[in-house]
Amino acid sequence: MNLYIALEAVLANRMRSILTGLGIIFGVAAVIAMLAIGSGAQQEVLDQMKLVGVNNIVIRPVVEQTEEVIANEEGEKEKKQFSAGLNVLDLKALKTAIPGIKKVSPEIILDTYLINNGIRRTAKLVGIEPSYFDIFNFDLERGRNFSEYHLEHGSPVCIIGKSIKSKFFPFEDPLGKYIKCGNIWLKVIGILEGRLISSNSIENLGIRDFNMDVYVPIKTVLIRFKNRAVITEEMLMEANKASGGSFIIIGGGEEEEEVELSKNYHQLDKMVVQVGETELLNPIAEVINRLLTRRHNETIDYEIEIPELLLKQQQRTNDIFNYVLGAIAGISLLVGGIGIMNIMLASVLERIKEIGLRMSMGAKKQDIVNQFLFEAMMISITGGIIGVILGVTFALLVSTLAGIPTVITISSIILSFGVAASVGLIFGIAPARKAAMQDPIQSLRYE
């Protein structure tokens, strides 16, 4: 009976009820949308951590390094110390000289093209060691990893990404088949599982599309494709035709000739060092820096970064941002609750005669309390339902139009809806008690 009377009162004043519930509607919508955006940002950071690996230190060469000419104390010009760049000897030194290192993975990345069944397409040829797949959490969909024989002899074998399989072997099993990479035929021994990579990850982390890569043993690249640490006559002739850069002297006397060397003299394009403990990331990075500085004759032609720490800082920034947005959404709910209380108090003053009439006809104080509580909760629950619909819609629109990842969870919907219902209950108590405390005789006389 009390619920029916409350429903009639709400429907009789639809516009006022809607305006009263606006605070709840927008508060709930804001909570759901902000939690969805925050969860999406957190999920993106976690996905990025999987892409860069856990507890990793990344060492990259400074490719645009040029040979500097400096003046000594006597004012005579002298050349900067020679550096061989990042190479496999640095890799061995890291493995043997620094404790606390779990795994080390070198990379050589070459731009090439693939040919198979009349299809030609550009791709990345990546020379690696098997530890690469463990560090970056790659799994083989089918096939097998490189064996010790492949690594030792530089065998012409490869593991292809999922997109390579789809484009070059759409209707056949690529395992055991050959694909031409540049001028070399490679035997496919494995296929990697596909990995989804967002455009933000590609831009922010410099991550390429792994699904379009062809992976070979690092020794295969050095023997059969390109080894930048070895200077050949062909390289010198090509360098002689180019302009700018750094030079070396060939010959002597009147036949001296300046020949430009390639700016990228590094044998390796990247080294990834995986550390056993997170606390050791910074100390080991410092030791690596000192070791490489000494090995490169005090020439800083490399850079060291710790992606995980950068991502954790990004996650911390996202968390602070989410807390602020959550607080703003919470204030909206609070304002909505205060609005419900104010309107219900005004409603009590307007309906004093109705209250007196009900009490004179036998209604108890608890019945009056229940009636006004039901009214307040109807407004808040209805506003909560509308707010949930608006919040989910807004989160989907943000994901579609702005390209920001959002994750809508059941827990966020339950939380926001529960808070809305609680707000109606809490802020409806005072008006309901005020209504129940009215004197029936005075209420009937009220004008």
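First, a term: contact means heavy atoms within 4.5 Å. Helices (H or I, at least four residues) and strands (E, at least two) are DSSP runs, numbered from the N terminus.

This is a predicted model, in which local features need pLDDT of at least 70 and side-chain atom pairs count only at pLDDT 80 or more, while totals for chains, interfaces and linings use all residues. Residues are numbered from 1 along each chain as its sequence is written, and side-chain values use heavy atoms, with hydrogens and water left out.

Now the overall picture. The protein has 15 helices and 14 strands. Of its 447 residues, 43% count as buried, and buried means under 20% relative accessible area, with a 1.4 Å probe and protein chains only. Among contacts between residues at least 6 apart in sequence, 77% join residues at least 24 apart.

Next, helix 8, residues 218-225. Its buried residues are I218, T220, V221 and L222. These pack against helix 3, strand 4 (101-116), strand 5 (119-128) and strand 10 (213-217).

Helix 3 also meets helix 10. The axes of helix 3 (residues 88-97) and helix 10 (residues 281-295) come within 11 Å and cross at roughly 140°. Axes here are lines fitted to C-alpha atoms, for helices over the stretch in contact, and angles run from 0 to 180 degrees between N-to-C directions. The two helices are therefore oblique to each other; angles under 35 degrees count as roughly parallel, over 145 as roughly antiparallel, 65 to 115 as roughly perpendicular, and the rest as oblique. On the helix 3 side, the contact is made by L89, D90, A93, L94 and A97, and on the helix 10 side by I288, L291, L292 and R295.

Which residues have the most contacts inside the largest nonpolar core? They are I57, I59, I164, V214 and I288, in a core of 42 residues. A nonpolar core is a set of buried Ala, Val, Leu, Ile, Met, Phe, Trp, Tyr and Cys residues joined through side-chain atoms within 4.5 Å. Helix 10 gives the largest share of this core, six residues. A second, separate core of 17 residues includes V58, V126, F136 and F146.

Last, I179, which is found in strand 8 (residues 178-181). I179 is buried, with a relative accessible area of 0%. Leaving aside neighbours within four places in sequence, its contacts include I164, F168 and F169.

Terms used:
Buried means under 20% relative accessible area, exposed over 50%, partly exposed in between (1.4 Å probe, protein chains only).
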